[in-house]
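The sequence and structure are shown below.

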Amino acid sequence: MKDKTKESAPGDGIRSLRSTALFRAVNYELYVKPNRGIMLFGVMAMLTCSGYLFYMRYKHDGTDYYESVQADGNITLKNKTSKWLD
């Protein structure tokens, strides 16, 4: 490790500490300044994926049919029935 000639100032955080190249490569997020554009894109992508999953689940729960595969390979739709209500 090299000796640092630059004095650390308040607010430098972990960037001011001495570390190895391997530590910096593994913990990349600690040494890079935040990028708001990329952060906004990531948040929007996660919200879009989560919204789509919730939408699919909502649509699936609202149906009264399920797909049934017959012995000959045909797929038919059948009504959901409950054995508890008989």
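## Residue S68

S68 is found in strand β1. The model is a predicted one, and in it S68 has a relative accessibility of 14%. S68 therefore counts as buried, since this value is under the 20% cut-off.

Which residues does S68 contact once its neighbours within four places in sequence are set aside? The contacts of S68 are with N74, I75, T76 and K78.

## Residues T76 and L77

T76 lies in strand β2, and L77 has its place in strand β2 as well. Is L77 buried or exposed? L77 counts as exposed because its relative accessibility is 60%, and the threshold for that class is over 50%. T76, by contrast, has a relative accessibility of 29% and so counts as partly exposed.

Not counting residues up to four places away in sequence, T76 touches Y66, E67, S68 and Q70. With one of these residues, Q70, the side chain of T76 also forms a polar contact of 3.0 Å. Under the exclusion of residues up to four places away, L77 touches Y66 and E67.

L77 and Y65 are twelve residues apart along the chain, and their C-alpha atoms are separated by 6.0 Å. For T76 and Y65, eleven residues apart along the chain, the C-alpha separation is 9.7 Å.

Strand β1 covers residues 65-69, and strand β2 covers residues 75-79. The two strands run antiparallel and are joined by five bridges. Among the bridge pairs, Y66 has K78 as its partner in β2, while E67 is partnered in β2 by L77.

How many residues lie between the strands of this hairpin? There are five residues between β1 and β2, and in the hairpin G73 takes a positive phi near 100°.

In a regular strand, the side chains alternate between the two faces of the sheet.

## The chain as a whole

The secondary structure consists of two helices and two strands, and along the sequence these elements follow the pattern α-α-β-β. Helix α2 spans residues 36-61. According to UniProt, in an unreviewed entry, residues 37-55 carry the feature "transmembrane region". In the model this span is 100% helix and 0% strand, and its end C-alpha atoms lie 27 Å apart.

The chain has 86 residues, of which 3% count as buried. Its accessible surface comes to about 8,600 Å², and 61% of that area belongs to carbon and sulfur atoms. Among contacts in the chain with a separation of 6 or more, residues 24 or more positions apart account for 0%.

## Confidence

The mean pLDDT of the chain is 82, and 81% of the residues score at least 70. Where is confidence lowest, and where is it highest? Confidence is lowest in strand β1, with a mean of 84, and highest in helix α2, with 93. Where pLDDT is low, the predicted coordinates should not be read in detail.

Definitions and conventions:
Residues are numbered from 1 along each chain as its sequence is written. This is a predicted model: local features need pLDDT of at least 70, side-chain atom pairs count only at pLDDT 80 or more; totals for chains, interfaces and linings use all residues. Side-chain values use heavy atoms; hydrogens and water are left out. UniProt positions are given in the numbering used here, feature names are shortened, and annotations may be inferred rather than shown by experiment. Helices (H or I, at least four residues) and strands (E, at least two) are DSSP runs, numbered from the N terminus. Buried means under 20% relative accessible area, exposed over 50%, partly exposed in between (1.4 Å probe, protein chains only). Contact means heavy atoms within 4.5 Å. Accessible areas come from the Shrake-Rupley method with a 1.4 Å probe; for residues, only the protein chains shown count as cover. pLDDT is the predictor's confidence in each residue, from 0 to 100. Two strands pair if DSSP finds at least two bridges between them. A polar contact is a pair of N or O atoms within 3.5 Å; within protein, one must be able to donate a hydrogen and the other to accept it, and residues adjacent in sequence count only if both atoms are side-chain atoms.
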